[in-house]
Amino acid sequence: MIFSAFARALSQIGDPRFRAVLGRGLALTISLLIAAYAALLGLIHWSFGDGAILPLVGEVTWVGDLLGWTSLFVMILASVFLMIPVASAITSMFLDEVATAVEDVHYPHVPRPAKVPFWDAFRDTVNFLGVLVAANAAALIVYIFANIGAPVIFIALNGYLLGREYFQVSAMRHLGREGARALRKQHTGTIWLAGALMAVPLTVPLLNLFVPVFGAAVFTHIYHALAGTGANTR
């Protein structure tokens, strides 16, 4: 079922409306990634002042590094970690539009839900983003002692968190907050595995730019599969 969801989402790349959403999502993803990287450099500058020396990075001078060509490659490497919160932030912004495009093609028989109020979605996203950042900050200590097991822990942790977020937002469109939570608890293992599979390409620079919007399409299919609504096979 999970691989079918990935395949269906990938098959819709040729849909003009889906490509338009993907293009806007890609532009916003890059913008949020740059903002997250700038915030990271600002934190380093605030903590250590000018001339901070970081392993593998060298001297960090914040504005100078932000505008330098070298910083482009550093940002691409940093995106392995920064794309996790970016993927979370973009969920509420584009999931409804992506889900509508997916449902128009694959689930035309399903009644269209009322749009989730922006501030409700924004509040949920901000709350989840705080949990995501706090969990990854705490996991840094575990990564230090885990050595080669750190990537597995990273994918498992963020797969659980992202799968939970993407599914909750997808299901909430049709079932409301409580209904979505109940369905999610019934299928925790499946949702966790799907989230982990989505977290893997998030660790691949450049490829990870496409994952947030693509993931919204995947979890729309996963919701309908678990809810038993059935896809249009024509």
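## A colleague's note on pockets, core and helices

1. Let me start with the open space. The second largest pocket holds about 290 Å³ of space. Its lining draws two or more residues from each of α5 and α6. Please keep in mind throughout that this is a predicted model.

2. Who lines this pocket? There are 13 lining residues, and Asp124, Phe128, Arg164, Glu165 and Gln168 lie nearest the centre of the second largest pocket. Helix α6 provides the largest share of that lining, with nine residues. By class, the lining of the second largest pocket splits into five nonpolar, two polar and six charged residues.

3. Stepping back to the overall layout, the chain has eight helices and two strands. Along the sequence they come in the order α-α-β-β-α-α-α-α-α-α. Of the 234 residues, 41% count as buried. Taking contacts between residues at least 6 apart in sequence, 78% join residues at least 24 apart.

4. How many cavities of 30 Å³ or more does the count give? The count gives one cavity of that size. The volume of the largest cavity is about 60 Å³, and α6 (150-186) and α7 (188-202) are the elements that give two or more residues to its lining. Lining the largest cavity are Tyr160, Arg164, Arg184, Thr188, Ile191 and Trp192. In terms of class, three of these lining residues are nonpolar, one is polar and two are charged. Arg164 is worth a look on your screen: this residue is in the lining of the largest cavity and is also among the residues nearest the centre of the second largest pocket.

5. In soluble globular proteins, nonpolar side chains tend to be buried together. Here the largest nonpolar core has 53 residues, and the ones that touch the most other members are Val98, Tyr166, Phe167, Val218, Phe219 and Ile222. The elements giving two or more residues to this core are α1 (2-11), α2 (16-48), α4 (69-106), α5 (118-146), α6, α7 and α8 (211-227). With neighbours within four places in sequence left aside, Val218 is in contact with Ala5, Phe6 and Ala9.

6. A word on helix α8. Because 15 of its 17 residues are buried, α8 is largely enclosed by the rest of the structure. How does its span compare with expectation at 1.5 Å a residue? The 17 residues of α8 should span 24 Å, and the end C-alpha atoms are 23 Å apart, which agrees. Just after α8, Gly228 has a positive phi of about 75°.

7. Apart from neighbours within four places in sequence, the contacts of Tyr223 are Phe167, Ser170, Ala171, His174, Leu175 and Leu183. One of these, Phe167, is among the core residues that touch the most other members. Tyr223 is also 32 residues along the chain from Ile191, with 9.3 Å between their C-alpha atoms.

8. Which residues of α7 are buried? They are Ile191, Ala194, Gly195, Ala196, Met198, Ala199, Pro201 and Leu202.

9. Last, Met172, in helix α6. With a relative accessibility of 12%, Met172 counts as buried. Leaving out neighbours within four places in sequence, Met172 is in contact with Val116, Asp124, Arg177 and Ala180. Asp124, one of those partners, is also among the residues nearest the centre of the second largest pocket. As for Lys115, it is 57 residues from Met172 in sequence, and their C-alpha atoms are 10.0 Å apart.

Definitions and conventions:
Residues numbered from 1 in each chain as written. Predicted model: local features only at pLDDT ≥ 70, side-chain atom pairs only at ≥ 80, totals over all residues. Heavy atoms only, no water. 1 Å grid on protein atoms, 1.4 Å probe; cavity = no way out; pocket = protein on both sides within 12 Å on 5 of 7 lines; lining within 4 Å. Points joined across faces, edges and corners; volume = space filled by probe spheres on them. Helix = DSSP H or I, 4+ residues; strand = E, 2+ residues; numbered from the N terminus. Nonpolar A, V, L, I, M, F, W, Y, C, P; charged D, E, K, R; others polar. Core = buried A, V, L, I, M, F, W, Y, C linked by side-chain atoms within 4.5 Å. Buried < 20%, exposed > 50% of the residue type's maximum accessible area, 1.4 Å probe, protein only. Contact = heavy atoms within 4.5 Å. Expected span 1.5 Å × (residues − 1).
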